[in-house]
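Please have the coordinates open as you read.

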Amino acid sequence: MPDTALLVIDMQPALLKDAYDAEACLGRVAELSDRARAAGVPVVYLRQRFDQVPPEWLEVHPALTPRPGDVVLDKDSADSFLGTALGEVLAELAVHRLVVTGYASDFCVDSTSRSALSHGYDLVLVADGHTTTERPAGAQPTAAQIVAHHNEIFSVIQYVGRSVTVAPAAEIRFDTSRVG
């Protein structure tokens with residue numbers, strides 16, 4: 001059984017409507033999800049809950065519709081571990097390594113990635129598999145700069161006893177001879 005899980009964080013249409021490089025990011029995450037399933041790696045979807053919004057806001061983007069056997073968890077904060085069963089689900093699956101994708105680079109992806117490291121997981125951040133809201137023209141930093149900044153931070157961050165890798169989706173491997 002693989003010791004890895006793919007996390008797909010907050011890839012919901014209402015959140016992605018103004019996201020940087022959203023369609024390409026969705027395509028890469030969909031392809032990663034298919035490769036993970038083919039390798040027997042669990043795919044775990046996290047969905048951000050909102051008060052008093054239409055139910056469709058909670059659904060995972062249609063390009064990434066969960067399949068039978070996938071795990072779907074709802075959350076109320078940026079940290080996907082806080083107040084959810086994520087830790088219990090991963091323990092039950094004997095997961096020690098998380099491949100992280102999703103929205104938003106500077107909020108939920110960042111918070112969940114740091115929390116995963118603090119909870120003892122090795123981390124692979126998919127460099128081109130996370131995105132954030134596009135900023136107004138002329139705003140700094142741009143969404144592209146925010147994504148790049150988080151890739152850079154996680155490429156040098158250190159957590160004792162943890163492995164941290166940042167790699168593009170094309171380099172992510174779900175087998176034992178993995179690169180990313």
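Where is the place of P141? P141 sits in the loop between β5 (122-131) and α5 (143-156). Helices here are DSSP runs of H or I with at least four residues, strands are runs of E with at least two, and both are numbered from the N terminus. This is a predicted model, in which local features need pLDDT of at least 70, side-chain atom pairs count only at pLDDT 80 or more, and totals for chains, interfaces and linings use all residues. Residues are numbered from 1 along each chain as its sequence is written, and side-chain values use heavy atoms, with hydrogens and water left out.

**Cis peptide bonds**

- The bond joining Q140 and P141 is cis, with omega about -5°.
- Another cis peptide bond runs from Y103 to A104, where omega is near -5°.
- A104 belongs to the loop between β4 (97-103) and α4 (105-118).

- D10 is not a glycine, yet its phi is positive, at about 55°.
- You will find D10 in the loop between β1 (4-9) and α1 (13-16).
- With a relative accessible area of 1%, D10 is buried (under 20% relative accessible area, with a 1.4 Å probe and protein chains only).
- A94 is not a glycine either, and its phi is positive at about 60°.
- The loop between α3 (86-92) and β4 holds A94.
- A94 has 38% relative accessibility, so it counts as partly exposed (between the buried limit of 20% and the exposed limit of over 50%).
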